[in-house]
Amino acid sequence: MLIDSHAHLNFEAFNHDLDEVIGRVRQRPMKVINVGSQLSTSRRAVELAEQFDCLSAAVGIHPTHLAECRRDTQETAASDDSAVNDWERAFEQIIALAGQPQVVAIGETGLDYFQLVDNSVTVRARQREYFLRHLALAQAKQLPVIFHCRGQADNPLAAYDEMLDVLAQQSIRGVIHCFGADWPMAEKFLALGFYLGFTGIITFGKKTADLELVAKNTPLDRILIETDCPYLAPEPHRGQRNEPIYVELVARKIAELKNLPVSQVIEQTGNNALNLFNIAR
């Protein structure tokens, strides 16, 4: 089964034609994991999963919403978490949402030092604190975690190293969403039992040679495919708004890299997602 393991149909980018986008999903045997980035989008993910049986939800607070962040007009009109700077209240409500039957994962959560307006030690410490809180919630609810990790432009791997230090002390399942590091780093996450998520970035050509090597070397039973829509549309749709049905193009690229039938990649990555998120076929 084709599964988009990380989408944001709960974002404003889909407000004007959401029914049509979900209609295209429902035309094929396909499922989508809608991932929360803050309280408002986590609530919306749950609401959509209640309405459509092809959708499931993940709830959490993206690390960049734990400080002042650049407003993303594709995401939501108002950042209800960072606007009031009351992350404690927001996280309490995330805990409540995590008990809903449509919620199959906690996240996205992690470390992001790339987009911060204020890249201070205090902000980094807050990201780490809430990362640990998300992990504790996942353990309490016996749910997997969707991890986000992005380092600074001049030191992209430092955030991955820091995340590894935390996860090496945990016993938890999950996926490193939109994996963006090199093969030696990938090996470390695989050794801890995590899945790696690949997006449309893998179709972008010569600049993604390192990522292609990671996908080629990663065992197929440890790969998830995702769109991260509305972002990162794969070729030939690059630069346009992404949507879940384009995840098949990610599967096709992985099949090309591994010299496997596309049908095998779709089936195995689908089974991987069903198993990780404990979703019925």
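Let me begin with helix α7, residues 209-217, where L211, E212, V214 and A215 are buried. Buried here means under 20% relative accessible area, exposed means over 50%, and partly exposed is in between, with a 1.4 Å probe and protein chains only. Seen down the axis of α7, the buried residues fall within an arc of 155 degrees, so they line one face of the helix. That arc is the one made by the directions from the helix axis to the C-beta atoms. In general, an α-helix has 3.6 residues a turn, so residues three or four places apart point the same way. The cover over the buried residues of α7 includes α6 (183-191), β7 (195-198), β8 (223-225) and α8 (247-258). Contact means heavy atoms within 4.5 Å.

Some notes on the source. This is a predicted model, in which local features need pLDDT of at least 70 and side-chain atom pairs count only at pLDDT 80 or more, while totals for chains, interfaces and linings use all residues. Residues are numbered from 1 along each chain as its sequence is written, and side-chain values use heavy atoms, with hydrogens and water left out.

Now the whole chain. The protein chain has 9 helices and 8 strands; helices (H or I, at least four residues) and strands (E, at least two) are DSSP runs, numbered from the N terminus. A compact globule of 281 residues would have a radius of gyration near 19 Å, and the 17 Å of the protein chain agrees with that. The radius is taken over C-alpha atoms, and the globule rule is 2.2 Å times the number of residues to the power 0.38. Along the principal axes, the C-alpha atoms fill a box of roughly 50 × 40 × 35 Å. Of the 281 residues, 57% are buried. Among contacts with a separation of 6 or more, 73% are between residues 24 or more positions apart.

What is the setting of R44? R44 sits in helix α2, residues 39-51, and is partly exposed, at a relative accessible area of 28%. Apart from neighbours within four places in sequence, R44 is in contact with N10, L18 and Q51.

I266 belongs to helix α9, residues 262-277, and counts as buried at 16% relative accessibility. Leaving out neighbours within four places in sequence, its contacts are M1, L2, E248 and A251.

A153 is in the loop between β5 (145-150) and α5 (158-167), and is exposed, with a relative accessible area of 66%. A153 and F114 are 39 residues apart in sequence, and their C-alpha atoms are 6.6 Å apart.

Last, the backbone. Most residues other than glycine have a negative phi, and most peptide bonds are trans.

D228 is found in the loop between β8 and α8. Its phi is positive, near 60 degrees, and D228 counts as buried at 9% relative accessibility. C178, in the loop between β6 (174-176) and α6, has a positive phi near 45 degrees. C178 counts as buried at 17% relative accessibility.
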